[in-house]
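Biologist: I have not looked at this one before. Can you put it up and walk me through how the pieces pack?

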Amino acid sequence: MFLAIVPAYNESDRVGSVVRSLLSYVDTVLVVDDGSTDTTAKIARQAGATVLSHRLNRGQGAALETGHAYARKIGATHVLHFDADGQFSVGDIIPAREAMKQAKADVVFGSRYATEKHNLRVPWTKRVLLRPIGKIVDRLFGGVHLSDAHNGFRILNKKALECIHLSHSGMAHASEVPALVKKYGLRYIEVPVSVTYHEYGQGVSGGIRVVRDLVLGKFSK
Amino acid sequence: MIIFQFLFILFSLFAIITVIKRKKDAVMSNVGTTFWIIFWMLTDVVVLFPDSTTLFANRLGIGRGSDLITYVSLAIVFFVLFRLHVKLHEIERDITSVVRKDALKDVDV
């Protein structure tokens, strides 16, 4: 079973269309409503998704791990990480799965920087400032080398799903995934994906929080 | 007695009264109560007789007693801050775990 995990927090405007577009490409869409105060859960359910609700907002990493736990329970063979804000294109799913099959990879990472065409759509501050810093941070925290580690488009097979247990609740999970891929010697590939920015997303302050969480995470179990 | 000494002793008395109140409310253990009362009494001694710390400072190769107090206090404050950060991180993780269990409790397979 191919399961799409969509972590969502106050995404009532876009989650419905995201769920409907995903249903043609995966067997089940799971929306993990991360303590939204709007109608995200209701709209996602009406659109055809299975919905799990966090009573409190715990962050994207926590929502994804709840999705992983569900996927392990139902015996999913592959899971797709897909953002609820409509920034990804469902058109990238089939090429990513084919590339995964051909390369016999355990994990597929989407990349905004794999081709020049996709690269130019990324705000320059992210390309020139945040991306190089992010790469250094990921290298320091022991991840595999990726052109775009903080891209939320990923596909994991069953083996990867068993190995990758996210402990970071916030955005630091994006650095944790490559680190766990390296730790467990999982095979991985990067595929180009297009990203449409409806919002700027994670800025400098978000990046600082990621580093803080990664450092503190090193001191606790 | 200089103004600072007077104000500090007043503050430490307030702190000791708070500790005793907490003990009466059964919030603080015997060990905790004794530790904090001795701690505040010792700080009173140091504030009333600043030269008393110079003896220890000289043995450690530090010139002034007040410098020793500053170094030790800073080290303790940083250590406590760090412990609090780690503890907070662990509590956050526990909350996430409870929230996840709650979200998954109705999943039928």
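Modeller: This is a predicted model. In chain B, the axes of helix 3 (residues 52–59) and helix 4 (residues 65–104) come within 7 Å and cross at roughly 75 degrees.

Biologist: What does that make helix 3 of chain B relative to helix 4 of chain B?

Modeller: Roughly perpendicular, because angles from 65 to 115 degrees count that way.

Biologist: And which residues make the contact?

Modeller: Helix 3 of chain B contributes Ser52(B), Thr53(B), Thr54(B), Phe56(B) and Ala57(B). From helix 4 of chain B come Gly65(B), Asp67(B), Leu68(B) and Ile69(B). By class, the residues of this contact are four nonpolar, four polar and one charged.

Biologist: How is chain B split into domains?

Modeller: The domain assignment gives domain 1 (1–49) and domain 2 (65–109) for chain B. The C-alpha centres of domain 1 and domain 2 of chain B lie 27 Å apart.

Biologist: Now the two chains together. How many residues of each are in contact?

Modeller: On the chain B side there are 15 residues, and they are in contact with 18 residues of chain A. The side of chain B that touches chain A has seven nonpolar, three polar and five charged residues.

Biologist: How do helix 3 of chain A and helix 4 of chain B cross?

Modeller: The axes of helix 3 (residues 60–74) of chain A and helix 4 of chain B come within 10 Å, with a crossing of roughly 45 degrees. The two helices are therefore oblique to each other.

Biologist: Is that crossing right-handed or left-handed?

Modeller: The crossing of helix 3 of chain A and helix 4 of chain B is right-handed. Its contact is made by Ala62(A), Glu65(A), Thr66(A), Ala69(A) and Tyr70(A) on the chain A helix, and by Thr96(B), Arg100(B), Ala103(B) and Leu104(B) on the chain B helix.

Biologist: Change of topic: in what order do the strands of the chain A sheet come?

Modeller: Seven strands of chain A form an open sheet in the order 3-2-1-4-6-5-7, with mixed pairing. Strand 3 (50–54) and strand 7 (188–192) of chain A are the edge strands, and each pairs on one side only. On average, neighbouring strands of this sheet are turned by 20 degrees against each other, direction ignored.

Biologist: How many bridges join strand 2 of chain A to strand 3 of chain A?

Modeller: Five bridges join strand 2 (residues 28–34) of chain A to strand 3 of chain A, and the two run parallel. Asp33(A) stands opposite Ser53(A) of strand 3 of chain A.

Conventions. Residues numbered from 1 in each chain as written. Chains lettered and ligands numbered in written order. Predicted model: local features only at pLDDT ≥ 70, side-chain atom pairs only at ≥ 80, totals over all residues. Contact = placed C-beta atoms within 7 Å. Nonpolar A, V, L, I, M, F, W, Y, C, P; charged D, E, K, R; others polar. Pairing = 2+ DSSP bridges. Helix = DSSP H or I, 4+ residues; strand = E, 2+ residues; numbered from the N terminus. Axes fitted to C-alpha atoms, helices over the stretch in contact; angles between N-to-C directions. Parallel < 35°, antiparallel > 145°, perpendicular 65-115°, else oblique. Domains from an automatic or database assignment. Left-handed = near helix turned anticlockwise from the far one by under 90°.
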